[in-house]
Amino acid sequence: MLDSLLISNFRSLQRLEVSKLGRVNLIVGKNNTGKSSVLEALRIYAGNAQRPLLEALAREHDERFRTREAEAFEEPENMPFQDFFLGRAFPLVDGQWISIGSLTNEQERLQIQHALMEEYTDQEEVDGGETINRIRRRIVPKAEADQGTAELSQVLVIKRGDRFFPPMKLVNVRARVPAAEPWAVPCSAVPTQFISMDELADEWDRVVIAGQEEIVKAALQIIEPDLESLVFVRSDQEGTYTPSRYRRERTAMVKLKGLERPVPLNSMGDGMLRVLQLALKLFTAKGGFLLIDEFENGLHYTVQERVWALLFEVADKYDIQIFATTHSWDCIESFTKVAVGRPQTEGVLFRLGRSVRTSDKGQVIATVFDEAALANVTQADMEVR
């Protein structure tokens, strides 16, 4: 679990420092202050900046994620992943890393740098007098890039603490998914839009295998107390054809007290769908992060306090650190009530805003409200709309 947070040179965040984090964290602030960027940075941190993750994030923003050699020559400014860097461009000098991680533990911090790499073949004599060719790689300082004739590749250099990952080439990359790093942090993300039923069905299968359906049921009963059971079934509607198979989508059906036939959960309103997403995504976040963009989406203010109470309880039980964003005072108020009323599970709110100080004017900074400060928070303190 992160005790604090540093994000530097990432998107609009030049150097964001959050001095204290809790088990459950709520991020507030006006539009364009970087709330969603914080969640995105945490996804990258959790996934060790592996290429499939970076490509998925770039695709979500309609940004470039692959480039062929001809495109790189004709449009060198349109290289993949530039938009992740401050100013939406790769730094012109070395040493300007994207950094994500704890303020206090540099060895667990993830860093990403754009660099130039030279590849060459070196002959090496092995036992028995045999000579073999080995491919060598070295990072060339950008200041020396024009001094030689060697062909250089643009790469991302990624490291966590003192451990370096293989350089990530940016041009002419074949679609290949590397093996997952065994020490990446588990992470689940709940976006602002609704997740597909098929994805939720897969999550439900894992919950059932683990025998934890009752937590999901309890979450749904916050919205609909008459709910007795939930099941995912194959839809009787036309499915989706792919070259490899013909797939019928799955849909969620619920049994309600006093009604003999099951009804589609999709017909019961956005609140049920939102709570289902939150409950199911909790389980894939065990031992890691649950990231929720715009917590209040689909949730009436009268149920938000009970949903927060469930998240606080499960986060403590399964060692999950939660980060959520909001634009809603109702959400802040319900979070505050639960955080103050449950001191055994620390809740922290931090507000993002633009600095007005002369030394760093316009830079995004964080103001932290721990449980002691939350008890005195009023709507006037929170600029969130």
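The model is predicted, so local features are described only where pLDDT is at least 70 and side-chain atom pairs only at pLDDT 80 or more, while totals for chains, interfaces and linings use all residues. Residues are numbered from 1 along each chain as its sequence is written, and side-chain values use heavy atoms, with hydrogens and water left out.

**Aromatic pairs**

Rings of Phe, Tyr and Trp (for Trp, its six-membered ring) are paired if their centres lie within 6.5 Å, and a pair is called stacked with planes under 30 degrees apart, edge-to-face with planes over 60 degrees apart, and tilted for the rest. By this rule there are 11 aromatic pairs. Begin by selecting Phe 81 and Phe 84, whose ring centres are 5.9 Å apart and whose planes meet at 20°, so this pair counts as stacked. Phe 81 is buried (under 20% relative accessible area, against over 50% for exposed and in between for partly exposed, with a 1.4 Å probe and protein chains only), its value being 2%, and Phe 84 is buried at 4%.

Next select Trp 308 and Phe 312, an edge-to-face pair with 6.4 Å from centre to centre and 75° between the planes. The two residues stand 4 apart in helix α7 (residues 301-317), about one helical turn; helices here are DSSP runs of H or I with at least four residues, strands are runs of E with at least two, and both are numbered from the N terminus. Both Trp 308 and Phe 312 are buried.

**Charges over rings**

A charge sits over a ring if NZ of Lys or CZ of Arg is within 6 Å of the ring centre and within 35 degrees of the ring normal. Select Arg 59 with Phe 65, where the arginine lies over the face of the ring at 4.4 Å from its centre, and then Arg 160 with Tyr 45, where the charged end is 4.2 Å from the ring centre.

**Ser 99**

Now select Ser 99, in strand β4 (residues 98-101), which is buried with a relative accessible area of 7%. With contact meaning heavy atoms within 4.5 Å, and residues up to four places away in sequence not counted, Ser 99 touches Leu 6, Ile 7, Ser 8, Arg 109, Leu 110 and Gln 111.
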